[in-house]
Amino acid sequence: MRSSEKMLPPDTILQNRYRVVRLLGHGGMGSVYEAIDQRLNCVVALKETTVARDNAARKAFEREAALLANLRHQALPKVMDYFSENEGDFLVMEFVPGHDLAELLDLRKSPFPQSQVLRWADDLLGLLEYLHGQKPPILHRDIKPANLKLTKTGEVFLLDFGLAKGSAGQMPTLATTRSVDRKSTRL
């Protein structure tokens, strides 16, 4: 993992294509940046994973990137590309503007209306049904307000899949690297 002094600075160009605008967040597995795809002239999210650098880890990253790129659901950001450069492996994803639900809860200082939460729950249950119906089934395992982004038009997106434990071809299910935060899964 890059230390905070080694985060990619604004205007860094990756793959002669993606210009970093700003750091959106970072954690134990890597960092997420807002960037401009200079070829398509659009905003993207670059998710940098800096956990393991061996050949097996890179192959697992490539398999997961290909798997995520083939998912199509309105509550998932699209994965458009992946690459390795310098110290990191990168996923290029659709940039989803808005705030995550944890930020919105802090700003509101009060709970969301029950009817609104139930609509989000229905959307997320539809997404989970889609993910669990994949071959192999995909288990997110870290659903919490900080991983749910709400757009200005009221759409909810599930973010932060993380790298899988093992590879899709070697396990009966593809699981993300974190556990469920039981406190934050209650409605």
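Confidence first. In this protein it is lowest in helix H4, residues 182–185, at a mean of 35, and highest in S1, at 97. The score is pLDDT, the predictor's confidence in each residue, from 0 to 100. Helices (H or I, at least four residues) and strands (E, at least two) are DSSP runs, numbered from the N terminus.

This is a predicted model, so local features need pLDDT of at least 70, side-chain atom pairs count only at pLDDT 80 or more, and totals for chains, interfaces and linings use all residues. Residues are numbered from 1 along each chain as its sequence is written, and side-chain values use heavy atoms, with hydrogens and water left out.

The protein's mean pLDDT is 82, and 82% of its residues reach 70 or more. Over residues 163–187, pLDDT stays under 50. For that stretch the model has 58 contacts (heavy atoms within 4.5 Å) beyond four places in sequence.

Now the backbone. Most residues other than glycine have a negative phi, and most peptide bonds are trans.

Take asparagine 16. Its phi is positive, near 50°. Asparagine 16 sits in the loop between strand S1 (13–14) and strand S2 (18–26). Buried or exposed? Exposed, at 76% relative accessible area. The cut-offs: buried is under 20%, exposed over 50%, partly exposed in between, with a 1.4 Å probe and protein chains only.

Next, asparagine 41. Phi is positive again, about 55°. Its loop runs between strand S3 (30–37) and strand S4 (42–49). Asparagine 41 is exposed, at 67% relative accessibility.

Last, a cis peptide bond. It joins lysine 135 and proline 136, with omega about 0°. Where is proline 136? In the loop between helix H3 (114–132) and strand S8 (138–139).
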